[in-house]
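Here is a short note for a colleague opening this entry. Please read the points with the model on screen.

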Amino acid sequence: MADATVQGSHLSKSFGERRVIDDLSFEVAPGEVIGLLGKNGAGKTTLLELMLGFTPPTSGTVSVFGHPSQRLPGPVKSRVGFVPQQDELLDQLTVADQLRVIESFYAHWDAELIERLCREWNVNTAARIKNLSVGERQKLSILLAFGQRPHLLVLDEPVASLDPLARRQFLEQLVEISADGERAVIFSSHIVSDIERLANRIWILKNGRLDWQGDLDSLKDSIVRLHIRGAAEAVAGVEVPGAISLRREAGFATAVVRGWKPELQHSLRAVHAVTVEVESLGLEEIFLELHR
Amino acid sequence: MSAVARLVYTYFTSTRLACVLSGGGILLFAVSLIVVFGMPQPEDMVLFASAGQLAFFLGSSNMPLLAGRLSQGHAARLLPQGRLKLFLSMMVTVALVALPTLLLMPFAVIAGTIKVGVAVDIARLATDPKLRSFVIDMALMIYASLCILAGWLYLAMWFVTSQRNSAGFSKALVIIVILMLAPTQEVNDPSSDAWTSLLQLAIAWIVFGAIFLAWPRLKNWRTRSWIPGLFPRARAVRSAGREIDLMLGTHNPWMYIGALLVPVFLATRIGQFSPAVWLYMLTIFSAVNGAISGQAAERSRALWLRAGWSRSELFARVEASFARHNSFVLGVLLVLMVGIGSYEGHPVGMLAAGLPLLILGTATSTYLGLMLTRGVRWSEALLAIVLMLTLMALPLMLDTRVPNMAAVVALEVILAIVAIVLRFVARSRWAAIDWTECRRPRDARLAPG
Amino acid sequence: MFVLKPQSGIPIYRQLLDQVRRMVASGQLAPGAELPSVRELAIQHAVNPMTVSKAYSLLEAEGLLERNRGRPMTVANRPKNATQLSRRLQQIQPLVEQTVLAAKQLELSEADLLKAIRENWEE
C-alpha cells in the first residue's frame with residue numbers, strides 16, 4: 001500500500017446537484033501506464049484534477065505517494081508532472097524564457113533532454129509563445145512536464161492538436177520514460193489507437209463510475225463479439241450469458257459479450273446446436289459497444 | 001530561491017519593449033545620478049532620474065499579468081512552493097521598482113531639489129547625524145508610499161489586462177481615482193513618520209499575502225459553505241437581449257456608471273476641489289468610457305461570421321451599440337457636471353466649456369478605439385497619448401482666473417474635427433478589416449470535461 | 001522482425017507470443033539467435049515495454065527463450081521434438097477450427113475436407 005503512486009478510496013465529486021465522480025476506488029502502481037477513456041463530459045478532467053489536488057473531493061480520499069492530494073509537500077510535487085487540457089503558457093514570453101521560469105522551480109531538471117526534444121520535435125526556442133501554432137503550444141506544454149523527470153506523469157488530452165508524426169514522437173518519448181518501470185503515467189485521450197499502443201491498464205469512466213478498471217489485455221479477452229449461425233429456431237432460442245447487445249435475424253445472430261470465457265463457446269454450441277465464431281475487438285470497438 | 005530571482009528577472013524582461021524600458025530606465029537613472037555633480041542645473045537631474053524611474057516601472061508592467069496567469073492556472077498548485085514563490089516574486093518586484101526613488105532622495109536633497117532649509121552637501125550629510133536621520137526618514141517614508149502606490153497601480157493594471165472589458169476598466173478606474181484622492185488626505189496629516197509608513201506597507205503586504213496564499217482554501221470554503229445561499233453563485237448577467245452588446249461588452253453601462261459614482265461620492269465627502277479638478281476628473285472618466293471600443297475589432301469577428309452583414313453594416317451596428325452605451329454614461333457625467341457645478345458655484349464659462357469637452361472626450365476615444373483594427377501600433381499609441389494630453393490640458397487652461405476662452409474654443413473645435421476624421425478612418429478601416437491581424441481574444445475557457 | 005498490430009482484437013503480447021513461437025518452430029529463429037531487447041522493441045513499435053517483457057517472460061517460462069545477464073534474450077537450445085505434441089496441436093487449433101467452419105458453411109462433408117487436406121500434404 002505504501003508503494004502505491006496514487007491511491008483513491010471512495011472518491012466522489014459533485015458540482016451542485018450533478019454527481020460527476022461517484023464512489024471511485026483505485027490504485028496506481030509504479031511502472032503502470034493507464035489510459036483513461038470516457039465520453040466528453042464523463043469527468044476525465046475532473047478525476048485527474050482530483051488526483052493531484054487541484055480540486056477538493058466532495059467525499060472520499062485520494063493520495064499521491066502516500067500524501068493526501070490536497071496537501072502535497074514540495075518534494076512530492078517535484079516528482080509530479082501535469083499537462084493540462086488547456087495550455088497555460090505565458091504568451092508574452094519566448095519559449096526559452098518560459099522553459100527557464102518553470103525550470104527554476106525544480107532542483108532536478110534535465111536540460112539536455114529538453115534541448116534534444118526541442119530539436120527533435122521542431123520547437124523553436126527563440127519564438128514568442130503568442131506566435132506559436134496550436135500544435136507547437138501543445139508540444140511545449142508537454143515538454144514543461146517532462147523536464148523534471150517526474151515519477152508520476154498525468155496528461156489530460158495531451159495530443160489532441162498534434163499531427164500524426166508529432167503524436168508518434170510523443171508516444172516514443174513516453175515509451176522511453178516508462179521503460180525503466182519506475183514511473184507511472186496516466187493519460188486521457190480520445191485517440192484510442194495511442195492508448196492501445198501505450199497503456200497496459202485501461203480505466204473507462206462512464207456515468208461517474210469506472211466501468212472498467214483493469215488490464216488492456218484482459219479487456220480485449222473479456223469483451224468479444226460472437227457470430228452465431230444455425231437453424232432459425234435454434235438461433236431464436238439462444239441465450240447468451242453476459243451479453244451487452246444482441247441482434248437476431250433469421251438463422252443468424254450477433255452478440256457482444258462481456259466476461260467471455262473460451263469454455264462458453266463449447267457450452268453454447270452444445271446447448272443450442274449452433275455454430276459460434278468469436279471475433280476479438282479493438283479498443284475503439286469495445287468503447288463504442290460499452291456506450292451503446 | 002532561484003525561482004523568485006528568475007521570476008523577477010522575467011517580469012522586467014518579458015518582451016523586447018519591456019527589456020528596453022527596464023534597461024533604459026536603469027541606465028538613465030544611473031547616468032543622471034552620476035552626472036549630478038557636474039550638471040549646471042541639478043533640477044534637470046531629478047527630471048531625468050524620474051523619467052528613468054518611470055521607464056523602469058513600465059518595464060515591469062507585465063508583472064501582474066504573468067504572475068496572475070501563473071497563479072490562476074495549475075502551475076501555482078503544482079510547482080513546489082509555487083504560490084509562496086510567486087508571492088515573494090511580486091513583493092520583490094515592488095520593492096525593486098521603488099528602489100531608484102529611495103536612492104534618489106539623498107541626491108535630490110544635495111542637489112537642492114528638495115529644500116530642507118539649509119544647504120546640504122555630502123560632507124554635511126556624513127557628519128551631521130540629525131540631518132542624516134532626517135533625510136533617511138524622509139527617504140524611507142517616500143519609499144514606503146511609493147511601494148504602496150506601485151502595488152495599487154499593479155492591481156489596476158491587472159484588472160485592465162486580465163479582464164479586457166468594461167468590468168476590468170471600471171475596477172481599474174476606481175483604484176486610480178482613489179489613488180488620486182488619497183494623497184490629499186496624507187497632506188492633511190503631517191504627523192506621519194517613516195515608521196508609520198513602513199508599518200502601513202508591512203500591513204498591506206501581510207494582508208495581500210495572506211489572501212493570496214490562502215486563496216485556494218478560501219475558494220474551497222466558499223463552494224463548500226454549508227449555509228446554502230450564503231455565497232450564491234453570480235447570477236447570470238441580465239442582458240438587454242441584444243447579442244451584439246454582449247459580445248462587445250457594452251450591454252451594461254450601469255456597471256461602469258456605478259464604478260465612477262463611487263470615487264465621485266468619495267470626492268464630495270473628502271473636501272473642496274477646484275472646478276478645474278472636477279472637470280479634469282470627469283474628462284478622464286469620459287475618455288476611459290470610450291476605451292473599451294479598442295477591443296471591438298477582434299470581438300466582432302464572431303458577429304460577422306454569424307450574421308449576414310457586410311463589413312460596413314457591421315461597423316454601423318457596432319457604432320450604434322457604442323453610441324447607446326456611451327450616451328448613458330455621458331448623460332450621467334453631464335448631469336454630474338452641471339449638478340456639482342451649480343451646487344458649488346463653478347464659473348459659468350467653465351461649465352459651458354466643460355460640457356462639450358466631456359462629449360469630445362468620449363467621442364475621440366471611442367473612434368480611436370474603433371480604429372485599432374490591426375492591433376496597436378506606434379502611430380496609434382502616440383496619437384492616443386497626444387489626445388489624452390490635450391484632453392487633460394483643457395481643464396488646466398480653464399483653471400486660471402481669466403481663462404483664454406478663444407484658445408479653449410479653438411482647441412475644442414480642433415478636437416471635434418479630429419473626432420470626425422477618426423470616425424472616417426475607422427469606417428474605412430472596417431470596410432477592409434482583416435481579422436487575422438487583430439489580436440486573438442483569449443477570454444474563452446472551455447468547461448471542464 | 002515482427003509485425004505488431006495494436007488495434008487488433010488480439011492483445012499485443014499474444015501477437016508477439018504467436019509470432020516468436022512460429023518463427024522458432026519453423027526454424028526462422030535458430031537456437032542461440034538474439035532477440036531485440038525489450039526497450040528496443042518497445043520503441044521501434046511504439047508499444048508499452050511491459051507488454052514486450054510480459055511476452056518474453058511467458059516465452060521464457062515455456063522454455064522457448066533464455067535470459068542472459070547483460071545481454072538480450074536468446075532462443076533456447078532445445079531439440080525440436082521436445083516440444084510437447086499437445087502444445088503444437090494447440091498452436092494449430094485456431095486454424096483447424098476456422099477450416100472446419102468454412103467447410104461446413106460451404107456444405108462440404110468431413111470426407112471432402114480430409115481429401116483436400118491429404119492432397120495438400122502430398123504436394
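**Notes on strands, helices and the chain contact**

1. Start with a strand pair in chain A. β11(A) and strand β14 (residues 275-280) of chain A pair in the antiparallel sense, over 6 bridges. Pairing here requires that DSSP finds at least two bridges between two strands. Strands (E, at least two residues) and helices (H or I, at least four) are DSSP runs, numbered from the N terminus. One bridge to look up: Val224(A) has Ser280(A) as its partner in β14(A).

2. A word on the model. This is a predicted model, in which local features need pLDDT of at least 70 and side-chain atom pairs count only at pLDDT 80 or more, while totals for chains, interfaces and linings use all residues. Residues are numbered from 1 along each chain as its sequence is written, and chains are lettered from A and ligands numbered from 1 in the order in which they are written.

3. Back to β11(A). Strand β11 (residues 223-229) of chain A also pairs with strand β13 (residues 252-258) of chain A. That pairing is antiparallel and has 7 bridges. His227(A) sits opposite Thr254(A) in β13(A).

4. Now another sheet arrangement. Which order do the strands of the open sheet follow? The order is β2-β1-β4-β5 in chain A, with antiparallel pairing. β2 (18-28) and β5 (67-68) of chain A are at the edges, each with a single partner strand, so one side of each lacks a neighbour in the sheet. Strand β4 (residues 59-64) of chain A is joined to β5(A) by 2 bridges. In one of these strands, β5(A), His67(A) is the bridge partner of Val64(A).

5. The axes of α4 (residues 63-72) and α9 (residues 129-162) of chain B come within 8 Å and cross at roughly 70°. Axes are lines fitted to C-alpha atoms, for helices over the stretch in contact, and angles run from 0 to 180 degrees between N-to-C directions. α4(B) and α9(B) are therefore roughly perpendicular (65 to 115 degrees).

6. The residues at that crossing can be named. Met63(B), Pro64(B), Leu65(B) and Gly68(B) of α4(B) meet residues of α9(B), including Tyr154(B) and Trp158(B). Contact means C-beta atoms, placed from the backbone, within 7 Å.

7. Finally, the two chains touch. The contact takes 25 residues from chain A and 25 residues from chain B. On the chain A side, α1 (44-51), α2 (74-77), β6 (80-83) and α3 (95-103) each supply at least two residues.

How values were computed:
Parallel < 35°, antiparallel > 145°, perpendicular 65-115°, else oblique. Contact = placed C-beta atoms within 7 Å.
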